[in-house]
Amino acid sequence: MSHTIVLGGGICGLAAGSRLAASGERVTVLEAQEFVGGLAATLRGATGAGFDFGPHAYHARNERVLALFKELAADGFPARAKNVRIKFRGRFFKYPLEALDMARSMSPVIALRAFMDYFAEILRKRIAPRRLTSAEDWVVGAMGRTLYAMFFGPYTEKVWGVHPSRLAASFAQHRIPHISLMKVVLSSLRKGYAKRTGTEHRYAPLVIELFYPPKGAGLISDRLAERIRAAGGAVHTGTLVTGIDLDEGRVSGVRFRRVISTADPARGQLGMLANGREGVSAVNGLPWSQLGPEERIAGDQIVNTLPLPVLFELLGDASRPEARTAAQALRFRPISILGLRVRRSRCLPAQSIYFQDKTFTRLSETRNYGGTEICGPDETVLLCDITCDLNGPIWNATADELARIIGPELAAEGFLAIDEIAEAVVLRSTMGYPVYLVGYEAAIDTLMHELGRFEDIVTGGRQGLYKYVDMDIASEMGLAMADHLLSGSTKAAAIGAVPYEDRVFA
Ligand SMILES: Cc1cc2nc3c(=O)[nH]c(=O)nc-3n(C[C@H](O)[C@H](O)[C@H](O)COP(=O)(O)OP(=O)(O)OC[C@H]3O[C@@H](n4cnc5c(N)ncnc54)[C@H](O)[C@@H]3O)c2cc1C
């Protein structure tokens, strides 16, 4: 029987492992952290309250995956309508920002300027069309510079840590909703009219179903891991993968080191996702990735969910130099999540709120997603997403230091009183978001081509395929990788003609 080693015990690796184990395959999952679930884990604070890596509600885009989630969380997986807002210029708007919402924030004068900008862009496209290389090119071309400078430019730079001129146009195309300038202008003018006549605009809320297990998002991953173990598979936590061994191009084993927990109670850190290549010293200044001797496990198939550039480092000389160079062009944006347990039964008027002018970019309340048992009934859990630089001031701050900065920002919004903060914790990941820099598509082409040479290694997931996906898609990727290995077909047959954008594994 073949032995499949799954690198990474996030929801993608666990979905792959459980599908393989349920089919009678020998499976071993290797996870660096002491907990499973990766970004989809729920970590527990001092009183047992649950903290996620930012909001983690389950979407329902794939029937097979939704059925699996419902089966795993049969004791409770309620659906709620999506209620996410943007706080912009002192007012709440629905998310994603739409033409009518933009119009509400603009005076007719600014709307006119936006229209002239937009018109100038149309003319420019006619007279001297140019290639849209960056996210900035794309947004300015689609909406004009006024709208870009008002919201999209500053927000994108804050979240991704690079100027939008350095982000690929395809990033904007996929992540930024296309707003019709004509609608914005007309709505804004109508708003001016409405003010005079007293008839305000009304529009139906965006209703999308989201699911959340009352005890925390991590329940799904915990139960996937239980399924693997129950079917005879192994899930090893605290096990950092350090190398892949090949024998004449075929997988023969995986090297790893036992690592200590990244929880650091003195700093309020519940955990830190890291891949061992970043040089982060996790706790007490110890080189986290280099503790313990290197050990080895034999195996003949690999499901990778570790970051794509890390996969190429693990392969070492087995991959061609041009692939290793291409892999270095891929970057991840780290994230720190400040979690607050607050002595109030509810703080926010929405599930999540995006901000442009705060230390954090998004604020969420787990209870509002359906996490009704995440903490005691007279308390609530708030999560503040802060994208940041590795080893920068946010990354190095303790949970209490972050709470001292962010607490007053929340109090100023009226969401809480400082003395209601009962506990502050921080969760971190060096791999929060894949950054789609200009030119990344060429690097991806090289890597996808190179991966075709390794028949018994498949890669998928948010990190492993370098795609900005959610938990349902990451799980779908895991199932697809397992299906492929079970099918016995070749990679060329399974994905040869599938473009990168549509791939669920490579
Ligand atoms: C702030 C934030 C909010 C989000 N909110 C939502 C949401 O509301 N809904 C939603 O559906 N999705 C959400 N997502 C996306 C979701 O978290 C991911 O799509 C999903 O969890 C990815 O799963 P994965 O298994 O592919 O990757 P990961 O969860 O990153 O798993 C990779 C695993 O590999 C492990 N690993 C790394 N290096 C090594 C190594 N060398 N050796 C061993 N193990 C290693 C890591 O510890 C990790 O467990 C959010 C993401 C972020 C960052």
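The ligand is surrounded by 37 residues, of which the closest are E31, P55, H56, Q463 and V469; a residue counts as near a molecule or strand if one of its heavy atoms lies within 4 Å of it. The structure is a predicted model, in which local features need pLDDT of at least 70 and side-chain atom pairs count only at pLDDT 80 or more, while totals for chains, interfaces and linings use all residues. Residues are numbered from 1 along each chain as its sequence is written, and side-chain values use heavy atoms, with hydrogens and water left out.

A polar backbone atom of A57 is 2.7 Å from a nitrogen atom of the ligand. For V241, a polar backbone atom is 2.8 Å from a ligand nitrogen atom. An oxygen atom of the ligand lies 2.7 Å from a backbone N or O atom of V469.

Helices (H or I, at least four residues) and strands (E, at least two) are DSSP runs numbered from the N terminus, and two strands pair if DSSP finds at least two bridges between them. The hairpin of β10 and β11 has two residues between the strands, and E248 there takes a positive phi near 50°. D245 stands opposite G253 in β11, and G253 in turn stands opposite A298 in β13. Strand β13 (residues 295-298) pairs with β11 in the antiparallel sense over four bridges. Together the three strands form an open antiparallel sheet in the order β10-β11-β13. Its edge strands, β10 and β13, each pair on one side only. The twist from one strand to the next averages 30°; axes are lines fitted to C-alpha atoms, for helices over the stretch in contact, and angles run from 0 to 180 degrees between N-to-C directions.

A second open sheet has eight strands in the order β7-β6-β16-β17-β18-β15-β19-β12, with mixed pairing. β7 (91-94) and β12 (269-273) stand at its edges with a single partner strand each, so one side of each is left without a neighbour in the sheet. Neighbouring strands are turned by 20° against each other on average, direction ignored. The pairing of β12 with β19 (residues 421-435) is parallel, over four bridges, and S429 in β19 is the bridge partner of L273. Helix α14 (residues 399-412) lies across β15 (331-342), β17 (362-365), β18 (380-387) and β19, running at about 100° to β19. Contact here means heavy atoms within 4.5 Å.

Two helices were also considered as a pair. The axes of α1 (residues 11-22) and α17 (residues 471-487) come within 7 Å and cross at roughly 35°. Residues of α1, including I11, C12 and R19, meet residues of α17, among them M471, D483 and L486.

Technical notes:
Polar contact = N/O pair within 3.5 Å; in protein donor to acceptor, adjacent residues only side chain to side chain.
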